[in-house]
Amino acid sequence: MEEGAPGAGVSLVPSKEKEAPLCPHGPTLLFAKIVRGKEEGRRFYACSACRERKDCNFFQWEHEKVSEARLSAREKYNQSHQPSVSHPDNVERYKEFLTLPLSKRKFCRECQQLLLPLEWGRHSSHQVLNNVSVAQLKRPSHLLNPLENKKTNAQYLFADRSCQFLLDLIIAQGFKRVLCVGTPRLHELIKFQAPCKQKIKSLLLDIDFRYTQFYTEEEFCHYNMFNHYFFAGEGAYEICQKFLQQDEDVVMVADPPFGGLVEALAFSFKKLIEMWRQTGDTTSKELPILWIFPYFFESRILEFFPHFSMLDYQVDYDNHALYKHGKTGRKQSPVRIFTNLSPHLIALPAEEGYRFCSVCQRYVSLDNQHCEICNSCTSKDGRRWTHCYLCKKCVKPTWVHCSTCDKCALPSHSCKNTDAGCFICGAADHKRTNCPNLHLAKIGYQSGKKTKQKKKVKANMKIKDSKKRRTARQTKNKK
């Protein structure tokens with residue numbers, strides 16, 4: 001969260017982790033309202049995974065005394081929101097499903113479930129996929145519908161181009177194990193393709209329980225990356241720990257929801273690093289990490305991992321309308337790879353528009369030109385940035401230097417409100433959300449909105465009347 005901006009900021013207190021109450025998504029996080037960089041009001045616990053109350057309505061004040069009856073009701077509620085079938089049961093179902101002939105292998109698209117013959121009747125009115133092949137079972141992300149709550153699940157799945165690039169990078173770096181955190185498509189590509197090239201093992205950690213239908217407990221752990229919570233308890237924790245400790249040639253690839261809190265993600269990733277560090281004499285080394293996230297979170301990520309660097313490679317997704325390869329200008333994918341691997345060791349494909357900068361000693365996009373003054377390839381978004389001598393740095397090509405604000409900004413920006421805290425009344429001691437005139441601004445906005453709607457309705461009526469008159473004339477002429 002930006003300092004000085006009001007709102008809820010996450011406050012993680014490691015010493016009190018075990019005291020955190022539970023919601024269906026595991027231990028909750030302790031939040032505090034931050035105003036101008038200072039904590040105000042009472043702290044409260046809320047769900048770690050869901051930013052919207054409609055997705056998980058858990059709320060409890062810090063130090064609030066909760067009755068035994070309420071604790072009991074909460075425990076029953078949490079239990080009722082857990083999957084009805086366990087992971088081991090789903091593994092047995094999968095084994096039975098594989099023994100069926102192709103003509104009897106069915107998948108319910110509505111329930112997102114593999115169907116055994118005795119279950120066909122209950123799904124007779126549903127949309128069912130027949131003749132599910134072994135190849136389809138090995139690519140479950142193509143069978144399952146993506147969960148698209150951008151602040152919780154956000155299953156924007158890697159496009160084949162980006163997924164293949166990540167696998168080629170992993171092989172080129174000599175890694176033997178991959179901890180896939182929220183990257184189901186990479187996990188399945190490793191299992192589907194890597195055995196043909198090089199023996200690589202993969203473990204998927206994901207909050208989507210549906211994957212238990214396709215993977216064993218050694219291949220998949222039901223996991224919440226916002227609070228480092230293993231839903232299956234100590235057994236799943238030990239599986240992950242064993243996976244990290246078996247071989248030093250391990251890399252973690254994480255693709256969190258872009259609406260997630262960086263603080264919470266960094267907390268969990270550091271917990272995974274601690275699990276890896278228990279392998280022995282690894283205090284002088286770092287767990288190699290590829291964290292996939294939008295470039296505009298760079299400063300936030302560097303707060304927690306200052307040794308990370310951002311690669312120019314643009315990650316794109318199959319099921320995202322904007323994050324596609326081949327687009328230009330501002331329409332390019334903003335998603336990048338943050339890593340503690342040396343950038344000069346990671347070759348980006350020339351056929352996709354990347355080149356090697358001999359000065360920076362790293363691969364950059366073609367339009368990311370080296371600035372002699374900054375002594376760096378400065379572009380973050382794939383466009384060619386320009387150097388501002390007054391700001392003493394490179395800025396986006398659409399920005400111009402404003403003498404009033406004494407900084408570069410879009411030409412359409414408002415200088416009046418540069419130093420003001422409130423965009424409504426201009427006062428510096430509060431923000432728009434706390435403005436005493438907020439209700440008047442809302443009334444004005446709603447009034448303006450209604451006026452626009454009325455004008456739109458009138459315009460539509462004129463168009464309809466014009467069409468009716470034209471039709472009437474044409475009918476008259478025909479007669």
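This is a predicted model: local features need pLDDT of at least 70, side-chain atom pairs count only at pLDDT 80 or more; totals for chains, interfaces and linings use all residues.
In what order do the three strands of the open sheet lie, and is their pairing parallel or antiparallel?

**View 1. The open sheet of three strands.** The strands follow the order β8-β7-β9, and the pairing is antiparallel. Because β8 and β9 (128–129) stand at the edges with a single partner strand each, one side of each is left without a neighbour in the sheet. Between β7 and β8, which run antiparallel, there are three bridges; K106 has L115, in β8, as its bridge partner. Strands of a sheet pair through backbone hydrogen bonds, either parallel or antiparallel.

**View 2. Helix α2 and the elements packed against its buried residues.** Helix α2, made up of 13 residues (87–99), reaches 19 Å from its first C-alpha to its last, which is close to the 18 Å expected at 1.5 Å a residue. Its buried residues fall within an arc of 160° when seen down the axis of α2, so they line one face of the helix. The residues of α2 that are buried are H87, N90, V91, R93, Y94 and F97, and the elements against which they pack are β7 (106–108), β8 (113–115), α3 (134–137) and β12 (220–224). An α-helix has 3.6 residues a turn, so residues three or four places apart point the same way.

**View 3. The largest nonpolar core and the surroundings of L205.** This core holds 99 residues, of which L179, V181, L186, L205, L272 and W291 touch the most other members. Helix α8 (residues 262–277) gives the most to this core, contributing nine residues. With its neighbours within four places in sequence left aside, L205 is in contact with L179, C180, V181, G182, C221, Y223, F230, C240 and L272. In soluble globular proteins, nonpolar side chains tend to be buried together.

**View 4. Cysteine pairs without a disulfide.** With a disulfide taken as a pair of cysteine sulfur atoms within 2.5 Å, the count comes to zero disulfides. The cysteine sulfur closest to that of C56 belongs to C47 and lies 3.8 Å away, which is too far for a bond. C374 is likewise in no disulfide, the nearest cysteine sulfur, that of C371, being 3.7 Å away. As for accessibility, C56 is buried, with a relative accessible area of 8%, whereas C374 is partly exposed, with a relative accessible area of 29%.

Notes: Residues are numbered from 1 along each chain as its sequence is written. Side-chain values use heavy atoms; hydrogens and water are left out. Helices (H or I, at least four residues) and strands (E, at least two) are DSSP runs, numbered from the N terminus. The expected span of a helix is 1.5 Å times one less than its number of residues. Buried means under 20% relative accessible area, exposed over 50%, partly exposed in between (1.4 Å probe, protein chains only). The arc is that of the directions from the helix axis to the C-beta atoms. Contact means heavy atoms within 4.5 Å. A nonpolar core is a set of buried Ala, Val, Leu, Ile, Met, Phe, Trp, Tyr and Cys residues joined through side-chain atoms within 4.5 Å. Two strands pair if DSSP finds at least two bridges between them.
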